Amino acid sequence: MSAATTTLGSFNSYVGATITIYDAVKNFISDSNFSKTTTVKNISASYTWNWYESVDFMFIKEASKSDSYQSLALITSTVSGASAYSIPTFSYASTTGATTNATINQGSSKQFSYTALYHRDSSAAINYYLSGPTATSFITKITLTGIDGKTVQTITPAMPMGMGYLL
């Protein structure tokens with residue numbers, strides 16, 4: 001699961017459904033009584049993620065002026081990536097009541113993509129140019145959430161105020 005926050009608002013959309021232990025491991029457990037209500041203990045999980053950010057700088061130039069008179073009107077960003085989990089071991093109470101250990105090799109991967117408000121919006125750029133000063137609309141934070149809704153990682157993308165800030 002992931003959620004993102006922007007400088008001009010907040011998004012809490014997630015591509016896909018919340019991952020539960022049951023969803024993650026149901027295909028690996030042969031016990032027919034293993035269900036969403038089975039008590040699972042001693043979970044050992046690991047997570048990986050990757051992401052990339054795109055920052056757009058929108059300049060406005062009046063038709064009557066030369067190219068050297070462009071003004072930076074709007075800076076916006078998008079962030080995309082994926083997170084994956086692996087639950088290598090856990091235990092649960094089998095149908096006989098005995099504790100059963102399970103080992104899982106692979107988790108699932110979820111894609112995420114967030115776009116800041118006014119991203120590549122030329123009308124908004126013109127409005128900010130006319131009203132001044134330069135406006136920004138960034139994705140400021142992405143929270144990756146794992147099993148049981150626990151925060152796994154918080155990504156803080158760059159928020160450059162000009163192209164000279166990028167390396």
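What is the mean pLDDT of the chain, and what share of its residues reach 70 or more? This is a predicted model, and its mean pLDDT is 78, with 80% of the residues at 70 or more.

**Confidence along the chain**

Confidence is lowest in strand β2 (residues 10-11), where the mean is 32. The highest value belongs to α2, at 93. Over residues 8-18 the pLDDT stays under 50. For that stretch the model has 26 contacts beyond four places in sequence.

**Overall arrangement**

The chain comprises two helices and nine strands. Read from the N terminus, the order of elements is β-β-α-β-β-β-β-α-β-β-β. Of the 167 residues in the chain, 35% are buried. The accessible surface is about 9700 Å², and carbon and sulfur atoms account for 50% of that area. When contacts between residues at least 6 apart in sequence are considered, 68% join residues at least 24 apart.

**Salt bridges**

Side chains of opposite charge can pair when their charged atoms come close.

| Asp56 (15%, buried) | Arg120 (56%, exposed) | 2.5 Å |

The side chains of Asp56 and Arg120 form a salt bridge with an N to O distance of 2.5 Å. Asp56 sits in strand β3 (residues 40-60), while Arg120 belongs to the loop between β6 (109-115) and α2 (122-131), so this pair ties together parts that are 64 residues apart in sequence. Asp56 is buried because its relative accessibility is 15%, under the 20% cut-off. Arg120, at 56%, is over the 50% cut-off and therefore counts as exposed.

Is Thr78 buried or exposed? Its relative accessible area is 14%, and Thr78 is therefore buried. Thr78 is part of strand β4, which covers residues 71-93. Which residues does Thr78 touch, leaving aside its neighbours within four places in sequence? The contacts are with Tyr52, Glu53, Ser54, Tyr114, Thr115 and His119.

**The ends of α2**

Helix α2 spans residues 122-131. At its start, a side-chain oxygen of Asp121 comes within 3.1 Å of the backbone nitrogen of Ser123. After α2 comes Gly132, which has a positive phi, near 55°. The loop that contains Arg120, the partner of Asp56, lies between β6 and this helix.

Definitions and conventions: Residues numbered from 1 in each chain as written. Heavy atoms only, no water. Helix = DSSP H or I, 4+ residues; strand = E, 2+ residues; numbered from the N terminus. Buried < 20%, exposed > 50% of the residue type's maximum accessible area, 1.4 Å probe, protein only. Contact = heavy atoms within 4.5 Å. Salt bridge = Lys/Arg side-chain N within 4 Å of Asp/Glu carboxyl O. pLDDT = per-residue confidence, 0-100. Polar contact = N/O pair within 3.5 Å; in protein donor to acceptor, adjacent residues only side chain to side chain. Areas by Shrake-Rupley, 256 points an atom, 1.4 Å probe, with all protein chains shown as cover.
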